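Me: I would like to learn how to read a fold from its coordinates, one feature after another. Could you take me through the structure shown here?

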Amino acid sequence: MTAIKLCVAGATGRMGSTLIKEAVVKGFRIVGAVAAGDDPNINKTLREAGICDLDIRIVDPSRIPDAVKDADVYISFTNPEAEIVNIPLVAELGKRIVMGTTGFTEEQMRRISEVVSNKVPAVFSPNFAIGINILLKLLQMVRAFPADYEVSIIEMHHSGKRDAPSGTAKRMGEIISQVKGYTSIIYGREGLSLRKPGELEILSVRAGGVPGIHEVIIAGPHEMIRIEHTAFSRSVFAQGALYAAEWVYKQDKPGIYTMDDVLGLV
Ligand SMILES: NC(=O)c1ccc[n+]([C@@H]2O[C@H](COP(=O)([O-])OP(=O)(O)OC[C@H]3O[C@@H](n4cnc5c(N)ncnc54)[C@H](OP(=O)(O)O)[C@@H]3O)[C@@H](O)[C@H]2O)c1
């Protein structure tokens, strides 16, 4: 099989650098690397930046057209402000996209989706871990609990994570709100703060180097279920994103796809 050629954005970041290392091991070809304009590694090679043994130069976003020109798929883990500029440009250049960045406002996501959806096939996912995507499906079963069973979500991530709650916790919250009929979300409690009917709890903890823990608590009057997903390392997200890249490489129909499509869960 010919190696799939990748351009990675956020190449010097926690996720981007992990993804590049995994991609090399799995036989993908890295042909481009993009980082923020003020990143000290701009114009260094991936080897000089200590990421892997490749002499691909890390370029700033103004050079995206050059960085993606030989790529089959553009994979990006950066931040929302970067994506609203970079992703439409990559779509205009006709390159398939895998994007894992989280923390978009609804308006930002709507703008990006509008530009991409009729140009190229793209996979957007707030969590590329296969276990999380299957857990999201299992959450549909929460509808079977009686009305007095309450659901809460706790997520924990490293203290460098910018957005809260995590994109995954938000997605879990959407599913649970739909099946339980919750109409509001509370993100923490202090003082006199009884849980009200129709209220979902999503609590975020930021500490140390935790790659990602999500726990769903379903508690009734006399029993409780706790379902926890723990990412052992960022490799789980990198491997899922590479799986998505292999899938999107074979798609011809433009559109925004999710890990449900990639994993055949639709
Ligand atoms: N979907 C998933 O499975 C998954 C898993 C983990 C994380 N994430 C998400 O992925 C994103 C990145 O996470 P992270 O932990 O890797 O963050 P990070 O370590 O801060 O990495 C972000 C990288 O993007 C770079 N960047 C900033 N502006 C850019 C631009 N205009 N063009 C290109 N690159 C730019 C940053 O460069 P500088 O450092 O120089 O600013 C940095 O290297 C976050 O939104 C996070 O929530 C998703």
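Me: Let us begin with the cysteines: is C7 buried or exposed?
Reply: The idea is to compare the relative accessible area of a residue with a cut-off, and buried means under 20%. In this predicted model, C7 has a relative accessibility of 0% and therefore counts as buried. C52 is buried as well, because its relative accessible area is 13%.

Me: How many disulfides does the chain have?
Reply: The test is a distance between sulfur atoms, which must lie within 2.5 Å of each other. By this rule the count is 0, and C7 takes part in no disulfide, its nearest cysteine sulfur being that of C52 at 13 Å. Seen from C52, the closest cysteine sulfur is the one in C7, and 13 Å is too far for a bond.

Me: How should I read the strands once they are assembled into sheets?
Reply: Strands of a sheet pair through backbone hydrogen bonds, either parallel or antiparallel. As an example of the pairing, β5 (residues 96-99) and β6 (residues 121-124) run in the parallel sense over 3 bridges, and I97 has A122 as its bridge partner in β6.

Me: What is the strand order in the open sheet of 5 strands?
Reply: That sheet has the order β8-β9-β7-β10-β11, and its pairing is mixed. The edges are held by β8 (184-186) and β11 (224-230), each of which has a single partner strand, so one side of each is left without a neighbour in the sheet. Direction ignored, neighbouring strands of this sheet are turned by 20 degrees against each other on average.

Me: Where in this sheet do I find the parallel and the antiparallel pairs?
Reply: Strand β7 (residues 150-157) pairs with β10 (residues 213-219) in the antiparallel sense over 7 bridges, and there the bridge partner of I154 is E215. With β9, on the other hand, β7 pairs in the parallel sense over 6 bridges, E155 having S204 as its bridge partner. Helix α6 (residues 167-180) lies across β7, β9 (199-206) and β10, running at about 175 degrees to β7.

Me: What should I note about the backbone at P165 and at N43?
Reply: Here one reads the torsion angles. The peptide bond from A164 to P165 is cis, with omega near -10 degrees, and P165 is placed in the loop between β7 and α6. N43 has a phi near 75 degrees, a positive value in a residue other than glycine; N43 lies in the loop between β2 and β3 and is partly exposed, at a relative accessible area of 44%.

Me: Finally, how do I read the chain as a whole?
Reply: The protein chain has 8 helices and 12 strands. Its radius of gyration is 20 Å, close to the 18 Å that the globule rule gives for 266 residues, so the chain is as compact as a globular protein of that length. Of those 266 residues, 48% count as buried. Among contacts with a separation of 6 or more, 68% join residues 24 or more positions apart.

Conventions: Residues numbered from 1 in each chain as written. Predicted model: local features only at pLDDT ≥ 70, side-chain atom pairs only at ≥ 80, totals over all residues. Heavy atoms only, no water. Pairing = 2+ DSSP bridges. Helix = DSSP H or I, 4+ residues; strand = E, 2+ residues; numbered from the N terminus. Axes fitted to C-alpha atoms, helices over the stretch in contact; angles between N-to-C directions. Contact = heavy atoms within 4.5 Å. Rg over C-alpha atoms; globule rule 2.2 N^0.38 Å. Buried < 20%, exposed > 50% of the residue type's maximum accessible area, 1.4 Å probe, protein only.
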